[in-house]
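Subject: Structure handover

Hello,

Here is the structure I promised to pass on. Please open it alongside this message.

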Amino acid sequence: MSDNSLRLVWIYPDLLSTYGDQGNALVVERRARQRGLDVQRLDVRSDQQIPTSGDIYLIGGGEDRPQRLAAERLRRDGGLNRAVSNGAIVFSVCAGYQILGHEFINDLGEREQGLGLLDVVSTRGEGERCVGDVLADIDPQLNLPPLTGFENHQGVTHLGQTARPFARVRFGKGNGVGDGYEGAYNDTVFGTYMHGPVMARNPHIADLLIKLALDVNALPPADDRWYEALRQERIAAATQPA
Amino acid sequence: MAGNTEPLSPRAKLAVTAGKAAAAVSRAAGRGSGSVIGGKVALRLDPDLLARLARHLDVVLVSATNGKTTTTRLIAEALRASGPVVSNALGANMPAGITSALAGGSDARFGVIEVDEKYLAGVARDVTPKAIALLNLSRDQLDRAAETRMLAEHWREGLAGSKALIIANCDDPLIVWAASSSANVVWVAAGQEWKDDAWSCPSCGGVMQRPGDDWFCGECGFRRPTPSWALSGDHVLDPHGSAWPIRLQLPGRANKANATTSAAVAAAFGVPPQVALERMYSVQAVAGRYDVVSFLQRDLRLLLAKNPAGWLETFSLIDPPPTPVILSVNARGADGTDTSWLWDVDYTRLAGHPIFVIGDRKLDLAVRLEVAGLDFRVCDTVDEAVQSAPPGRIEVIANYTAFQDLRRRVGN
């Protein structure tokens, strides 16, 4: 973070932008601008180099083959790992979340190496695909209101020793292991299965990323009227039997 | 091929009769047209019925993510120049609905059949079509549908042995991938505004290069084929280089594209482009879509848009600001229950329009529009939205079940 500008990097929209997760970039950008920040948003295609000077990196969900291609290209590029060792913040969703872990199962049914930025391992679930509204309580250390989102995944994610669960599920499946966890984080690297997109339903997560980037404890208030109305509606929907 | 050379077997006749009876009961019970239930009953009595009903017809199948109902209608109108047509004109596009539609057309020469994307390969096997029109493929209902790329792969495998003439859009790389396993393809440059499902090469996974209207994979050489038909502005260019004016009552670029593909299909059955295009002019609204209705002393134009590609095409056809716009979105089973796709739609295109938001998921839309920096008003009903709108014809854009709700309320 330099002076008043926030560098926001949206990774591989050509491969990992299938489930509306670019909404996360739009919400972070909007809320940063509303706080008077000058936002530089950079969309990096998978034939381009990942810049190492970003403040916040976002990765979305995608289909199985693009996920493998993204993992191959991110490993070869190496830029995201360098950015994180410089203190960058990363927020990932679904297929992107799996890529940030140690490994996941690719479209060929083989184990594919991830980036190792999250201490998690993903496998393919044996049961039914996890689809539907989710309500979860975010790790109290992060001091955020409940998490609402929409999940749509077959993958199952196991947390290693050093990863903290991002949230604990009240309704829905989350990581799908049966331990009640949803998502994971290691320091400034976050992963979740939540679409919606997750920032549209949980603008406080966008604010958390901005605060981490600015290294501040609080931000000026923003107009949360519509976000709050949507949150109440979706939380009520998640708690009602389908 | 035409003519009823092979009469239906007694079992097939019984199945058709039973299906019609079930449809009549369903209609009487107020459950819609009854075509799907009728077809289900008939198919259960005779699983080969679809194949048998199609045997005496020259069949054209039409499939796509967007535009299949309209294109089916345009092709049907064009082919009526050559003989009677049976068609599932109301959009019942799965095997039961198709069976039911064909059962009503024993005197027809042509069967023009819209097919749901998931069922295309199977229906193509059952009915041995003469021609298959493939328009476009893009993300749609991802919480329950197959992945878009997998669908293209499935088509490619399913159509590989087909003897049908494939009439396919060369501007959509996924369509080209699906069609190019076939021996017999007519390429149509029909355009495709939405590009975000085909940045990754369907053949090798390389990154697509898309300069202007062209596209190619920089790695494996998979590229846009040379079209023999093209949409060029307001004209259809035929393989001889003649330009035929498109005059439609249906609005928008996407419908000109549908007309271009339809003209190519009609030509394959000997109907010349000028005859085909003249006949298409008579199509005014398709299953309520594009219809202008009067409601609370105001004119409303009803537009259906179900997915990001559809919304993009719809934004390009609405009247310019300050025309008021009502948006309605639901997320019931038939819509897909995930609303994340709203974030793949570029709503900043609506800047300058007074915007009114209704539907089951109006709050998702409200957040979407707030983040896009647009002014909007959330209303509880279409009545309230219409009464709040400033003067002028109102454009109403709705997704699938929201569109049905709307038609019920405004009475078209």
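This is a predicted model: local features need pLDDT of at least 70, side-chain atom pairs count only at pLDDT 80 or more; totals for chains, interfaces and linings use all residues.

**Chain B overall**

Chain B has 14 helices and 17 strands. It runs to 412 residues, of which 56% count as buried. Take the contacts in chain B between residues at least 6 apart in sequence: 67% of them join residues at least 24 apart.

**Domains of chain B**

The contact between them draws 17 residues from domain 1 of chain B and 14 residues from domain 2 of chain B. On the domain 1 side, the residues that touch domain 2 of chain B comprise 4 nonpolar, 6 polar and 7 charged.

**Helix 4 against helix 9**

Look next at helix 4 (residues 68–79) and helix 9 (residues 253–268), both of chain B. Their axes come within 9 Å and cross at roughly 40°. Helix 4 of chain B is therefore oblique to helix 9 of chain B. The crossing is right-handed.

The residues in this contact are as follows:

- From helix 4 of chain B: B:Thr70, B:Thr71, B:Leu74, B:Ile75, B:Ala78 and B:Leu79.
- From helix 9 of chain B: B:Asn255, B:Asn258, B:Ala259, B:Thr261, B:Ser262, B:Val265 and B:Ala266.

By class, the contact has 7 nonpolar and 6 polar residues, and no charged ones. An α-helix has 3.6 residues a turn, so residues three or four places apart point the same way.

**Helix 5**

How many residues of helix 5 of chain B are buried? The count is 9 of the 9, so helix 5 (residues 95–103) is largely enclosed by the rest of the structure. The buried residues run from B:Pro95, B:Ala96 and B:Gly97 through B:Ile98, B:Thr99 and B:Ser100 to B:Ala101, B:Leu102 and B:Ala103.

**Chain A with chain B**

Finally, the interface. Here 30 residues of chain A are in contact with 22 residues of chain B. The chain A residues that touch chain B divide into 14 nonpolar, 9 polar and 7 charged.

Best wishes

Technical notes. Residues are numbered from 1 along each chain as its sequence is written. Chains are lettered from A and ligands numbered from 1 in the order in which they are written. Axes are lines fitted to C-alpha atoms, for helices over the stretch in contact, and angles run from 0 to 180 degrees between N-to-C directions. Helices (H or I, at least four residues) and strands (E, at least two) are DSSP runs, numbered from the N terminus. Angles under 35 degrees count as roughly parallel, over 145 as roughly antiparallel, 65 to 115 as roughly perpendicular and the rest as oblique. A crossing is left-handed if the near helix is turned anticlockwise from the far one by less than a right angle, and right-handed if clockwise. Two residues are in contact if their C-beta atoms, placed from the backbone, lie within 7 Å. Ala, Val, Leu, Ile, Met, Phe, Trp, Tyr, Cys and Pro count as nonpolar, Asp, Glu, Lys and Arg as charged, and the others, Gly among them, as polar. A residue is buried if 20 or more other C-beta atoms lie within 10 Å of its own, exposed if 12 or fewer, and partly exposed in between; C-beta atoms are placed from the backbone.
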